[in-house]
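Please go through this model with me, from the whole chain down to single residues. The report follows below the structure.

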Amino acid sequence: MNTVKKRFNTTGVCVPRKHYMVDISNKIKKIEEMIENEEYFIINRPRQYGKTTTMFMLKKILIENHLVIDCSFEGIGDLIFQEEGIFSKEILKIFGDSIENEHAQYAEILYSLAENVTNLKEVSKSLTKFFKSIDEEVILLIDEVDKSSNNQLFLSFLGMLRNKYLGREQEEDYTFKSVILAGVHDIKNLKLKLRDNSEKKLNSPWNIAVKFNVDMSFNVNEIESMLLDYCKSNNIDMDTKEISKKIYYYTHGYPFLVSRLCQIIDEDIIKENIDGESIDNENKRTWILADIDNALKIILKEDNTLFNDLIKNLENNKEVYDFIKSIIVDGDEIPFVISDIIISQCLMYGIIRDSDGRCKIDNKIFELYIYNHMTSKVLRNNKSISKYNFREKFITSDNNLDFEKVLLRFQQFMKEQYSSVDTEFIEREGRLLFLAFIKPIINGVGFDFKEVQISEEKRLDVVVTYNKRKYIIELKIWNSPKYHEKGIKQLCDYLDIHGLDKGYLIIFNFNKNKEYKDEIIRNYGKKIFGVFV
């Protein structure tokens, strides 16, 4: 009988009897079909994207009808990859270790074969003997394949598997029915690390692999399956559909982020009832949509492995940093072209996704976290901002924001601190300066999202949520009265989408004789307050 109390899990493999889990049976079924078709493939997805859990769940099903060799390159050390002779012996021993508990007799065969191998050619022959000596279909699963410290040696190993696969297809050899590798990098990315760029080493040893097209992110229905399990286990009722939609809105189904938001709500937020009073942990209350917003505020303050990797990938590559900044801060519309090495890297890291042929930050949590990181650098390097953006100056009597005052204060800041700065700098950094300016004002109480609007102008809409109110601010570069009028119409349309009748406008004017002015525009049934900087 299961006596373990279930919880949301964000570390290591998820286990159904211990953890609330998304129903990924449809994903597993698609992978099973690939295996039954004897296909070789790699599950390359970003960090903490459910790869290890998927491999675990897959093995549980496959072992019913197959001999499954399941291993990982995580934590095996660098020694094995130092030379071919060591690797050749150890890889067969690792295969044996993975099946020793369930199939000791088969493990002994692999241990025996390992004693006499000195190179990969002999590994290939030994595996042929192994397959011929057993009456089982064998499947190989290797997790964390990109942990190998000698990529060329690993690629040579893949080349050996490729040759055996081709030999089997021509009925000249015996080999694994299917090989599934899992890691962040695909084989192409591993090749990029090689120092010797000879043509021989640039030829892929894994061109036998089929493309892995199974969507590993969680859709709304899959997120709801986990919440329904939670409700059943705790005997509570909640609007699982609407809560799942909002979780998806913030996470875009990124597995770790989905589970982490739920974990924060369950373990931190619902320790109090809706009125703020403490409750018994054994008597959990119903979740409400506001709980997700509060969980968002908490996760954005965290220092976890996923966020550390996210920032590391930005800071270690200036081209990646500038590319992401151009999307988040500048509102650039960049076509999604997978052959572009920077776009390919950002996709591999999980920072961006393809959205109707355009590059888009993968999810709103990443967008906010990166934005916070970038604006913190601006605040650190522009100490004068703190003289202008005291939150108390902009709070209304009903504890909301007076955004007209915010914009007027930003205008004053730009006039006094940047009027003599060259136009190129302001055009490049003006948006980031505004985003950094408002950050301390809304921090801890609200948050904001950047929404790019496609038009003939370069525009960026900022949606600020503070308490329960939304404020729509459009940032645009002055072009001409004609485009200005068109921009007003587009902002009014956007206000309609959000059900608001008031919006805000910041116009960056780079004319030499510009005037720092403000204006109120009433049009299309809306009120627009704008400032020129």
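Among contacts in the chain between residues at least 6 apart in sequence, 70% join residues at least 24 apart. Contact here means heavy atoms within 4.5 Å. This is a predicted model: local features need pLDDT of at least 70, side-chain atom pairs count only at pLDDT 80 or more, and totals for chains, interfaces and linings use all residues. Residues are numbered from 1 along each chain as its sequence is written, and side-chain values use heavy atoms, with hydrogens and water left out.

**Overall build**

The chain has 19 helices and 12 strands. Both are DSSP runs numbered from the N terminus: helices are H or I with at least four residues, strands are E with at least two. The C-alpha atoms fill a box of roughly 85 × 60 × 40 Å along the principal axes. Of the 533 residues, 53% count as buried. Buried means under 20% relative accessible area, exposed means over 50%, and partly exposed is in between (1.4 Å probe, protein chains only).

**Two helix pairs**

Take helix 13 (residues 305-315) and helix 16 (residues 364-381). Their axes come within 11 Å and cross at roughly 55°. Axes are lines fitted to C-alpha atoms, for helices over the stretch in contact, and angles run from 0 to 180 degrees between N-to-C directions. Helix 13 and helix 16 are therefore oblique to each other. The scheme is this: angles under 35 degrees are roughly parallel, over 145 roughly antiparallel, 65 to 115 roughly perpendicular, and the rest oblique. Helix 13 passes helix 16 in a right-handed crossing. That term applies if the near helix is turned clockwise from the far one by less than a right angle; anticlockwise is left-handed.

Which residues of helix 13 and helix 16 meet? Helix 13 brings Leu306, Phe307, Leu310, Ile311, Leu314 and Glu315, while helix 16 brings Ile365, Phe366, Tyr369, Ile370, His373 and Lys377. By class, the contact of helix 13 with helix 16 has 9 nonpolar, 1 polar and 2 charged residues. Ala, Val, Leu, Ile, Met, Phe, Trp, Tyr, Cys and Pro count as nonpolar; Asp, Glu, Lys and Arg as charged; the others, Gly among them, as polar.

His373 lies in helix 16. Leaving aside neighbours within four places in sequence, His373 touches Ile311, Glu315 and Tyr321.

Now helix 10 (residues 240-251) and helix 12. Their axes come within 9 Å and cross at roughly 25°. That makes helix 10 roughly parallel to helix 12. This crossing is right-handed. Glu242, Ile243, Lys246, Ile247 and Tyr250 of helix 10 are in contact with Leu289, Ile292, Asp293 and Leu296 of helix 12. By class, the contact of helix 10 with helix 12 has 6 nonpolar, no polar and 3 charged residues.

**Aromatic pairs**

A search of the whole structure finds 30 aromatic pairs. Rings of Phe, Tyr and Trp (its six-membered ring) pair if their centres lie within 6.5 Å; planes under 30 degrees apart are stacked, over 60 edge-to-face, and the rest tilted. The rings of Tyr230 and Trp287 have their centres 5.0 Å apart and their planes at 50°, so the pair is tilted. Tyr230 lies in helix 9 (residues 220-234) and Trp287 in the loop between helix 11 (255-267) and helix 12 (289-299), so the pair ties together parts that are 57 residues apart in sequence. Both Tyr230 and Trp287 are buried. Elsewhere, ring pairs link Tyr388, Phe410, Phe413, Tyr418, Phe434 and Phe437 into a cluster.

Glu222 lies in helix 9. Is Glu222 buried or exposed? Glu222 is buried, with a relative accessible area of 11%. Beyond neighbours within four places in sequence, Glu222 is in contact with Val22, Asp23, Lys27 and Ser217.

Val320 is found in helix 14 (residues 318-328). Its relative accessible area is 0%, so Val320 is buried. Leaving aside neighbours within four places in sequence, Val320 is in contact with Asn313, Leu314, Ile342, Gln345 and Cys346. Val320 and Ile343 are 23 residues apart in sequence and 8.3 Å apart in space, C-alpha to C-alpha.
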